[in-house]
Amino acid sequence: MTQPEGLFGVTGSGDTSGFGGLVRKRPVQLEAQRPFGGWFDEVVDALEEAYPGFADAIERVVIDRGELTLHIVPAKIAEVCQVLRDDESLRYELCSSVSGVDYVTEERRLHVAYHLTSMTYRRRIRLECALTVADPRLPSVTSVYPTADWQERETYDMFGVVFEGHPNLTRILMPDDWDGHPQRKDYPLGGVPVEYKGAEIPPPDTRRAYR
Amino acid sequence: MSTPGYAQERETTEGKVFTVTGGDWDSLVSGVDPIHDERIVVNMGPQHPSTHGVLRLVLELEGETVTEARTVVGYLHTGIEKNMEYRTWTQGSTFVTRMDYLAPIFNETAYSLAVEKLLGIEDQITDRTTTIRVLMMELNRISSHLVWLATTGMELGALSMMIYGFREREFILDIFEMITGLRMNMAYVRPGGVAQDVPDEAVRKIREFLGFMPKRLKEYEDLLSGQPIWTARTKGIAVLDVTGCVALGVTGPVLRSAGLPWDLRKTMPYCGYETYEFDVPVAQTADVWGRYEVRLAEMRESLKLIEQALDRLKPGPIMVEDRKIAWPAQLAIGNDGLGNSLEHVAHIMGQSMESLIHHFKLVTEGFRVPAGQVYVPIEAPRGELGAHVVSDGGTRPFRVHMREPSFVNLQAIPAMAEGGLLADVIAGGASLDPVMGGCDR
């Protein structure tokens, strides 16, 4: 991608919507303090006990709207998942979802969110890794959760996050020869001319006279 | 252009002339073992009637045995998640409903529950709203399972099943039309409530449906269960045990057919499902037959749930009271579909300037949602449907990701198909019930 350009010819802004520069800086998420309450303490304690590298791997613990989020050092994500899956008092057997979020105003703007489910204890947890655009790499969790295969491919496709050790990290939803990663915030909506029966429809940002 | 050795060429006055001899066939054929090298690659789809929409399978065959199966998806990618970031929170309903087009109510409900959790208004959702949501979801579950039964029947040779399945589904779609104004893609469940109240006429129609449906289900069972072809094509086919399901993230009827009663309505209840009386059907066979039995039984359980929901349907508001969130819900179904009711238009255009301003602000700009992120999973007909919704505090979603069961479940196709026969790929793939609109979003 070169200079990001959005709807109605908006340039020079992370906001590609064209609705008047409505880029907002995300409020700082406060680190939760102990006691977290409920079963959150149990899970964090169990992880701390089972995982020797806990202090180096966990960046912070956030509790918001009754959901527990652990921010993990990207390089450690596969190890943490392994412990979360195998430890008897954690048992996060199911990896529900892997996806990304692009917090465009932040330094480490590409976030990968893992939603894990413990079927044994009926609990859910979110793991989050923050990466820079310059070096968007982290280990793949496919060896722990085979189901992450396609979901990591989708995250790569949409955000350009490289999952190291993934068996076949290729695009999955976009065509193989697609340029750019569409879910990044600086990737505009539209901007691709569409050809239909010989007639070419211009991209939305060049379609209107009042751009 | 031509490679030496293939054909000799010489120039004539008529142009270039090639002399094709092809005399090396004997040496070529003698190098091939006719028994052990029957490996061929077959491309199935994306335009194939029995791959449920635009799913493409690349199969490596040895004789009729599949040695390798690769699944290619993405043909129906429409960028719904990206598009939602450019529309208001309420308009999001209109987008998510188009994902899994056989289960639109589930997409809307998962999304709306997530937005409500972000807003912190879960307690303000009225009883009638929740009951209507349950009612609509269970009707939708039946219609979705009916399409599964119909198409799978067709794919495995029971053509009449298709006609019957679609006949009953049509009845449910008529009920949907009566309630929401649309048969599919209704954008009916919205953050804060639902778009439109359930008319009495629809309640009568649902009662009528409850009256004849058990008999029809029995008919399907009579039609298929004892059928030798149906049994041969489903029993012991495409087996995937609990370990395989959990490792591959497969949820829903497929997981339950392997014997694990994991149903989010029971295990992690939402929308008050814990107060309803219903069972979670399971099978132990982990094959296509098991999935057929589970889905049939689930339709019966859904009928129970619908009946209970109808009994609970007490008059009341169908939107939250907060006027800063509630979409001007004075909607009515006119001759041309759902729109602002005439009374509402008369009110804002002729009586109250403030109402007009309020309506205008809410409709064009929308409401603001406090920053944060939530993940709300619900039990869709195909498994766990999760809505990961992120807000930055604005009037539009910052990011919406749907954990689509179709997308995740399709990863199981190689595990089910490899080592089996080509014909069983169809049965196995169909038993996952993938909807490509949901898979590719």
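1. Axes here are lines fitted to C-alpha atoms, for helices over the stretch in contact, and angles run from 0 to 180 degrees between N-to-C directions. In this predicted model, helix 6 (residues 159-180) and helix 7 of chain B pack on each other at an angle of about 165°. Their axes lie 11 Å apart. Angles over 145 degrees count as roughly antiparallel, and helix 6 and helix 7 of chain B are therefore a roughly antiparallel pair. The crossing of helix 6 of chain B with helix 7 of chain B is left-handed.

2. Which residues of helix 6 of chain B meet helix 7 of chain B? They are Met161(B), Tyr164(B), Glu168(B), Phe171(B), Ile175(B), Met178(B) and Ile179(B). The residues facing them in helix 7 of chain B include Ala202(B), Ile206(B), Phe209(B), Met213(B), Tyr220(B) and Leu224(B). Glu201(B), Lys205(B) and Arg216(B) of helix 7 of chain B also take part. By class, this contact counts 13 nonpolar and 4 charged residues, with no polar ones.

3. Helix 7 of chain B (residues 200-224) also packs on helix 12 of chain B (residues 288-312). The angle is about 160°, and the axes are 11 Å apart. Helix 7 and helix 12 of chain B are therefore roughly antiparallel too. Helix 7 of chain B passes helix 12 of chain B with left-handed sense. From helix 7 of chain B come Val203(B), Ile206(B), Leu210(B), Met213(B), Pro214(B), Leu217(B) and Glu221(B). From helix 12 of chain B come Leu296(B), Met299(B), Arg300(B), Leu303(B), Ile306(B), Glu307(B) and Leu310(B). The contact of helix 7 with helix 12 of chain B has 11 nonpolar and 3 charged residues, and no polar ones. Note Ile206(B) and Met213(B): they meet helix 6 of chain B and also helix 12 of chain B.

4. Helix 13 (residues 342-351) and helix 14 (residues 353-364) of chain B cross at roughly 120°. Their axes come within 6 Å. This crossing, too, is left-handed. Helix 13 of chain B contributes His347(B), Ile348(B) and Met349(B). Helix 14 of chain B contributes Ser355(B), Leu356(B) and His359(B). The classes are 3 nonpolar and 3 polar, with no charged residues.

5. Chain B holds an open sheet of 3 strands in the order 3-4-5, paired antiparallel. Strand 3 (39-44) and strand 5 (65-72) of chain B are the edge strands; each has a single partner, so one side of each has no neighbour in the sheet. Neighbouring strands of this sheet are turned by 20° against each other on average, direction ignored. Strand 4 (residues 56-62) and strand 5 of chain B pair over 7 bridges. Leu61(B) stands opposite Val66(B) of strand 5 of chain B. Helix 17 of chain B (residues 422-432) packs on the sheet and touches strand 4 and strand 5 of chain B. The direction of helix 17 of chain B makes about 150° with that of strand 4 of chain B.

6. Chain A has an open sheet of 5 strands, ordered 1-2-5-4-3, with mixed pairing. What stands at its edges? Strand 1 (58-64) and strand 3 of chain A do, each with a single partner strand, so one side of each is left without a neighbour in the sheet. The twist averages 20° from one strand to the next. Strand 2 (residues 67-72) and strand 5 (residues 123-131) of chain A pair in the parallel sense, over 3 bridges. Leu70(A) stands opposite Leu127(A) of strand 5 of chain A. Helix 4 of chain A packs on this sheet, touching strand 3 and strand 4 of chain A. The direction of helix 4 of chain A makes about 5° with that of strand 3 of chain A.

7. Now the interface. How many residues of chain A are in contact with chain B? There are 30, and they touch 35 residues of chain B. Strand 3 (94-102), strand 4 (110-118) and helix 4 (148-159) of chain A each give two or more residues to this side. Strand 3 of chain A supplies the largest share, 6 residues. The side of chain A that touches chain B divides into 14 nonpolar, 7 polar and 9 charged residues.

8. Last, confidence in chain A. Its mean pLDDT is 81, and 77% of its residues reach 70 or more. Strand 4 of chain A has the highest mean, 93, and strand 8 of chain A (residues 194-196) the lowest, 66. Where pLDDT is low, predicted coordinates should not be read in detail.

How values were computed: Residues are numbered from 1 along each chain as its sequence is written. Chains are lettered from A and ligands numbered from 1 in the order in which they are written. This is a predicted model: local features need pLDDT of at least 70, side-chain atom pairs count only at pLDDT 80 or more; totals for chains, interfaces and linings use all residues. Helices (H or I, at least four residues) and strands (E, at least two) are DSSP runs, numbered from the N terminus. Angles under 35 degrees count as roughly parallel, over 145 as roughly antiparallel, 65 to 115 as roughly perpendicular and the rest as oblique. A crossing is left-handed if the near helix is turned anticlockwise from the far one by less than a right angle, and right-handed if clockwise. Two residues are in contact if their C-beta atoms, placed from the backbone, lie within 7 Å. Ala, Val, Leu, Ile, Met, Phe, Trp, Tyr, Cys and Pro count as nonpolar, Asp, Glu, Lys and Arg as charged, and the others, Gly among them, as polar. Two strands pair if DSSP finds at least two bridges between them. pLDDT is the predictor's confidence in each residue, from 0 to 100.
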